[in-house]
Amino acid sequence: MESLRNAFRAYLKNDREKKRQYFHTAYQEIAELNLKFLQLASVSTVFLLLLFFLLTPFIITDWDMTPQHSLFLPVSFLFAVISICYGKSKRNNYKTIFILCLLYEITLLVFIILIDIFTDPGRPGSFFGPLAVALPALFILPLKLSYLLLFVFEALYITLAFSYKVHFIAQYDVFASVVGITFSLVIAQTILHLRSSDFDLRLRYQQLSQQDFLSGILNKQAFEEAAHSFLQNRTPAQHCALLLFDLDDFKNINDTLGHYAGDQLLRKIGDFLPQLFRASDLIGRFGGDEFVILIKGSITVHTLERKCSMIQQRLHSLKLTGLDTDVTCSIGGVISHDPQITYEELFIQADKALYTAKGNGKNRWHLTG
């Protein structure tokens, strides 16, 4: 029993973390989706109201249009215009869209309560319960906010129902609203769980597609894309450095100890390299025994030499069964202060420095810039 409770707690903790990560990481995607939902919902509301106004007199013979019915249509039309115009502006600001969606939900709830409660005190309400069920599916909002909104308007609905409606009718209206709210809580939780799980899965696939399968760091394509992006978008004040290194006599390791030992060595390098650099720096494997690091921001030759020394020291500390000599590498590096330099130009300079280091002997580095 205790193990089941622990498993349930772990599931809830993991689910909360997925939702938190979803809102923290995918906020731009959420903003774009919410804007599309707002456009669709507001336009649909306009058409549904027009259809409702046309058909209701034929279905309910004593039905009369009230001021709240009349006002609901232009307000919905206004939201449709605002959301469509904002979409064409291409701004997609998360906070602005969040406020628009929240205002739209509040507007819907206000008008539905006005229609259900004040149209006729002796007639049952028809819309609050279904709206409460559908509301969580409209936009991607934090659960706490969705729950708070629903509970506040549910309390308002109950209060007004018993204050203005025939008591017998009010009981049924309140019961229907409670059922709707209950379903809405489940639906809100389920929909957000599915959305956050889908995002988590997509994020995992994206990370896997960017990772080198042996070392766990960026693969060649992912590294080059990230490096291109940084160099194209950096400010003139942002400098950088590129280190390129490969292992000395790696072929001999594969030939004498086997490819499994060589793979294990590459994994160990992929494990320690991120420990030597900042999280903002880019670290990748180009295939074989070649590794590359893009260091973002200003860096001195002395600091870059210290980084090279740290790489070589960590390599020396790696031990492979059957290997009597130390693992060593040759390193080429370049420091760039040119804000216009391209990735290709930077790589060529680092590659030339690497060949200079190799020409000077094993277990050396050569830096330029």
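1. How much space lies in the largest cavity? The largest cavity of this predicted model holds about 70 Å³ of space. A search of the whole structure returns 2 cavities of 30 Å³ or more, and the points below take each in turn.

2. The lining of the largest cavity consists of Pro 136, Phe 139, Ile 140, Leu 141, Leu 143, Ser 146, Ala 188, Ile 191, Leu 192 and Arg 195. Sorted by class, these residues are 8 nonpolar, 1 polar and 1 charged.

3. At least two lining residues of the largest cavity come from each of α6 (143-164) and α7 (167-210). The largest share belongs to α7, which supplies 4 residues.

4. The second largest cavity contains about 40 Å³ of space. Around the second largest cavity stand Glu 105, Leu 135, Pro 136, Ser 146, Leu 149 and Leu 150. Two or more residues of this lining are given by each of α5 (128-138) and α6. With 3 residues, α6 contributes the most.

5. By class, the lining of the second largest cavity has 4 nonpolar residues, 1 polar residue and 1 charged residue.

6. The two lists of lining residues should be read together.

Terms used: Residues are numbered from 1 along each chain as its sequence is written. This is a predicted model: local features need pLDDT of at least 70, side-chain atom pairs count only at pLDDT 80 or more; totals for chains, interfaces and linings use all residues. Side-chain values use heavy atoms; hydrogens and water are left out. On a 1 Å grid over the protein atoms alone, a cavity is a set of points where a 1.4 Å probe fits but cannot get out, and a pocket is an open set with protein on both sides within 12 Å along at least five of seven lines; lining residues have an atom within 4 Å of a point. Grid points are joined across faces, edges and corners, and a volume is the space filled by probe spheres set on the points. Ala, Val, Leu, Ile, Met, Phe, Trp, Tyr, Cys and Pro count as nonpolar, Asp, Glu, Lys and Arg as charged, and the others, Gly among them, as polar.
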